[in-house]
Amino acid sequence: MSAHEEHKHNHGDHDHPNINPDILAREEEAQEEAEGCGRKRMPVTVLTGFLGSGKTTLLNHILTAKHGWRIAVIENEFGEVGIDDALLRKNMKEHTEDEIIETLNGCICCTVRNDLIQTLQNLVTRQINGLKLDAVVIESTGMALPAPIAQTFFVDEIIQEYFTLDGIVTLVDSKHVEQHLDEVKAEGAENESKEQVAFADRIIMNKIDLVPEEADLQRIEGRLRSINEFAPIIRCTQATVSVDNVLNLNAFDLRHHATQAPDFLDTSKKTVHDRSISSIGIDVPGEVDMTALQNWMNGILGEESENIYRMKGVLAVKGVPKKFVYQAVHMIFSSTFDAPWAEGEERVCKLTFIGKHLDKPALREGFMSCMATEENFQKRVAQLRFKLGDRVECRVGPDEWAPGTVTQHFWRDHRWPANVPSKPYQVLLDAKGEGHIFAPLDEDHVIRAYQGAGPNAAGPAVCTPAAAAEPQAAEGGAAAGGAAAECNAS
């Protein structure tokens with residue numbers, strides 16, 4: 001007997017004063033009517049989990065798996081700029097009968113709940129008119145409480161007639177879940193992470209590769225069990241689980257959940273979120289400079305990682321034909337260059353931040369300083385110590401300096417991978433035949449003002465055919481810091 005079957009058995013025969021008898025009667029009537037008409041009520045899976053737990057990754061796995069199901073996806077994002085729909089859209093193209101529906105800028109369990117009801121009612125109309133579907137998956141925002149979403153399927157008669165809640169699947173970020181479970185909330189505010197675990201019919205412990213010690217995983221699993229003793233727990237990495245662990249679970253038990261959360265069907269209860277948590281979305285045309293973006297991101301991850309729960313975006317990078325897709329959870333950052341921008345498609349940058357005590361003007365200003373404009377470039381140049389044509393000395397060995405002339409700011413070889421940042425300086429060395437090198441850092445132990453040392457120190461810069469040729473990619477990459485840091489030959 002499964003854990004779910006066991007809790008159904010334990011609660012099935014009890015009196016349930018917390019459930020309105022009319023709701024139970026409608027639920028039974030809806031099921032009987034569907035069976036009598038030979039019509040199957042559409043199963044709905046609610047995919048929940050705190051910010052960055054891997055819900056969109058799991059949804060991508062579902063959409064690309066060979067299961068033959070025709071799935072409607074209802075996508076909800078807390079931020080005002082939609083990102084996840086862009087990450088899912090390419091997979092939706094391969095499933096032309098699927099439909100992705102996005103609900104923007106709000107929490108599906110409270111502020112945009114009416115939109116969910118309207119969206120489901122629209123699906124009913126389309127089904128009556130011939131739309132063929134096998135299942136609906138609702139991916140809630142990481143800030144949503146699952147109980148009010150579940151309530152939707154029992155307090156609206158049309159939805160109750162045509163849909164059945166198949167199960168609540170909660171993803172858990174194994175690396176950060178304890179931090180969020182322990183978070184102290186404002187008085188009266190819900191701990192979303194804890195509620196998502198408590199209301200789950202199935203728990204997926206994702207990102208276990210980030211918690212390498214088995215003892216730690218067992219402790220986390222025990223913590224989850226202390227909140228929800230009934231839901232099966234599945235471990236995974238990259239949200240890779242069988243579709244059978246998400247769809248067609250037949251796991252939601254109204255009586256059980258009403259016993260565990262007596263007020264979940266109370267429509268008068270208002271959801272209270274922590275007001276210190278908010279989001280900022282940025283959607284601007286144009287391209288970013290990869291070096292400026294990396295420097296800015298590194299600063300945010302280093303200084304604000306505790307308060308920034310989630311970052312994600314799809315960006316156009318100057319000089320790169322593919323879309324730059326990135327996401328971060330606290331200090332854990334991942335990125336990739338995804339599908340190319342289509343011919344004629346506007347190159348834009350969309351990103352969102354979700355976190356606590358966000359300084360929204362500073363975040364917006366910081367990102368805008370990364371845009372690849374001439375004004376921003378000149379501001380970055382003005383922060384460098386040396387101008388074009390300045391005489392400098394570059395460290396080319398532990399105790400060896402070579403003189404030369406600055407020929408370019410923020411240089412990079414076009415053959416380098418797109419994520420390799422530009423270097424502050426390209427320098428033409430004085431020594432005949434030495435050609436160009438680049439300085440990876442604008443620091444004195446790497447490049448310094450000319451002091452009259454080294455070969456051809458007193459003479460002008462010499463540009464030979466070899467030095468004037470196209471620069472070669474540096475083999476060693478950027479030099480490390482410290483006393484042995486050197487300039488790199490290009």
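**Salt bridges, sheet and helix packing in the predicted model**

Arginine 219 and aspartate 216 lie three residues apart in helix α10, a separation of about one helical turn. In this predicted model, their side chains meet in a salt bridge with an N to O distance of 2.8 Å. Arginine 219 is partly exposed, at 42% relative accessibility, and aspartate 216 is likewise partly exposed, at 26%. Both residues belong to a network of salt bridges that also includes Glu178.

The structure holds 17 salt bridges. Arginine 223 has a relative accessible area of 25% and is partly exposed, as is aspartate 182 with 47%.

A further salt bridge joins arginine 380 to aspartate 289, with the closest N and O atoms 3.3 Å apart. Because arginine 380 lies in helix α14 (residues 374–382) and aspartate 289 in the loop between β8 and α12, this pair ties together parts that are 91 residues apart in sequence. Arginine 380 and aspartate 289 are both buried.

The chain contains 15 helices and 18 strands. Five of the strands form an open antiparallel sheet in the order β8-β12-β9-β10-β11. The edge positions are taken by β8 (277–285) and β11 (332–340); each has a single partner strand, so one side of each is left without a neighbour in the sheet. From one strand to the next, the twist averages 10°. Nine bridges connect β8 with β12 (residues 348–356) in the antiparallel sense, and serine 279 stands opposite isoleucine 354 in β12.

Two helices lie across strands of this sheet. Helix α12 (residues 290–304) lies across β9 (308–316), β10 (322–329), β11 and β12, and runs at about 175° to β9. Helix α13 (residues 360–368) lies across β8, β9 and β12, at about 25° to β8.

Helix α3 (residues 55–64) is largely enclosed by the rest of the structure, because seven of its ten residues are buried. Among them are Leu58, Leu59, Ile62 and Leu63, and also Lys55.

Over the chain as a whole, 51% of the 490 residues count as buried. The accessible surface comes to about 22600 Å², with 48% belonging to carbon and sulfur atoms. Of the contacts between residues at least 6 apart in sequence, 75% join residues at least 24 apart.

Methods:
Residues are numbered from 1 along each chain as its sequence is written. This is a predicted model: local features need pLDDT of at least 70, side-chain atom pairs count only at pLDDT 80 or more; totals for chains, interfaces and linings use all residues. Side-chain values use heavy atoms; hydrogens and water are left out. Helices (H or I, at least four residues) and strands (E, at least two) are DSSP runs, numbered from the N terminus. Buried means under 20% relative accessible area, exposed over 50%, partly exposed in between (1.4 Å probe, protein chains only). Contact means heavy atoms within 4.5 Å. Accessible areas come from the Shrake-Rupley method with a 1.4 Å probe; for residues, only the protein chains shown count as cover. Two strands pair if DSSP finds at least two bridges between them. Axes are lines fitted to C-alpha atoms, for helices over the stretch in contact, and angles run from 0 to 180 degrees between N-to-C directions. A salt bridge is a side-chain nitrogen of Lys or Arg within 4 Å of a carboxyl oxygen of Asp or Glu.
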